[in-house]
Amino acid sequence: MTINKIDSGYLDGKLLVAMPNMGDPRFQKAVILICAHSDSGAMGILLNRSLDALSFDDLLEQLDIPKTDKDSHINIHFGGPVDTERGFVVHSTDILYETTLVIGEEMALTATVDMLKTIAGGSGPTSRFLALGYSGWGPGQLEREIQENGWLVVEPDADIVFGPELETKWEGAIHKLGIDPRLLSGDMGHA
């Protein structure tokens, strides 16, 4: 089994799981949902880093969005080191806007204030979280990092993407491959 094989050439809707040898501390034990991938590069959202410095209520107040449903809430994640002032709602496909990017059968990405207004009003998508910032790769960069054993590619599932237990997502994604995370080596694939 070749676990780093890229069958279609593009990884839209797949998960990247950092190998133990990940040199960049921002991505150690990272799980990233790839939202867009093409010859021009790739863009993804970190799934397992919370952003505790900002609450949903604080964000709504900063954006002058009234909260009409007192029970509405959305978790806020650190989506990656690029453009950290920009927000992205990763959500289920039960609510879509014209500007929504559908990532897979069960996932979508919306980067408009309209989605935050919908959530604040209590009628947002069933599954959702807000990410500030994103992770990005230039042309060919992600492919090189995968070939150099920096990342594993994993099929997504709703528990990993939307589940509340951020600290277990990395191991959960590795287990989807049938691998014991304790047995992973940064030298995998090298003779």
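**Exercise 1. Helix α2**

Which residues of helix α2 (residues 113-120) are buried?

*Solution.* Before starting, note that this is a predicted model, in which local features need pLDDT of at least 70 and side-chain atom pairs count only at pLDDT 80 or more, while totals for chains, interfaces and linings use all residues. Residues are numbered from 1 along each chain as its sequence is written, and side-chain values use heavy atoms, with hydrogens and water left out.

Step 1: settle the terms. Buried means under 20% relative accessible area, exposed over 50%, and partly exposed in between (1.4 Å probe, protein chains only). Helices (H or I, at least four residues) and strands (E, at least two) are DSSP runs, numbered from the N terminus.

Step 2: pick out the residues. In α2, Met115, Leu116, Thr118, Ile119 and Ala120 are buried.

Step 3: find their partners. These buried residues pack against α1 (56-62), β5 (82-91), β7 (108-110) and β8 (128-137), where contact means heavy atoms within 4.5 Å.

Step 4: look past the helix. Glycine 122 follows α2, and its phi is positive, near 90°.

**Exercise 2. Serine 72**

Find where serine 72 sits and what its side chain reaches.

*Solution.* Step 1: serine 72 belongs to the loop between α1 and β4 (76-78). Its relative accessibility is 4%, so serine 72 counts as buried.

Step 1: check the polar contacts. A polar contact is a pair of N or O atoms within 3.5 Å; within protein, one must be able to donate a hydrogen and the other to accept it, and residues adjacent in sequence count only if both atoms are side-chain atoms. The serine 72 side chain comes to 3.4 Å from the backbone oxygen of isoleucine 119. A polar atom of that side chain also lies 3.4 Å from the backbone oxygen of alanine 120.

Step 2: list the contacts. Setting aside neighbours within four places in sequence, serine 72 is in contact with Phe56, Lys67, Ile119, Ala120 and Gly122.

**Exercise 3. Strand β5 and its partners**

How many bridges join β5 to β8, and how many pair β5 with β7?

*Solution.* Step 1: recall the rule that two strands pair if DSSP finds at least two bridges between them.

Step 1: β5 and β8 run antiparallel and are joined by 6 bridges. Here valine 82 has tyrosine 134 of β8 as its bridge partner.

Step 2: β5 and β7 are also antiparallel, with 3 bridges. Across this pairing, valine 89 stands opposite threonine 110 in β7.

**Exercise 4. Histidine 91**

Is histidine 91 buried or exposed?

*Solution.* Step 1: histidine 91 lies in strand β5. With a relative accessible area of 0%, histidine 91 is buried.

Step 1: its side chain and that of threonine 110 are joined by a polar contact of 2.7 Å. A polar atom of the histidine 91 side chain is 3.5 Å from the backbone oxygen of isoleucine 95.

Step 2: beyond residues up to four places away in sequence, histidine 91 touches several others, among them Leu96, Met115, Arg128 and Phe162.

**Exercise 5. Strand β9**

Step 1: β1 and β9 run antiparallel, joined by 4 bridges. Alanine 18 is found opposite tryptophan 151 in β9.
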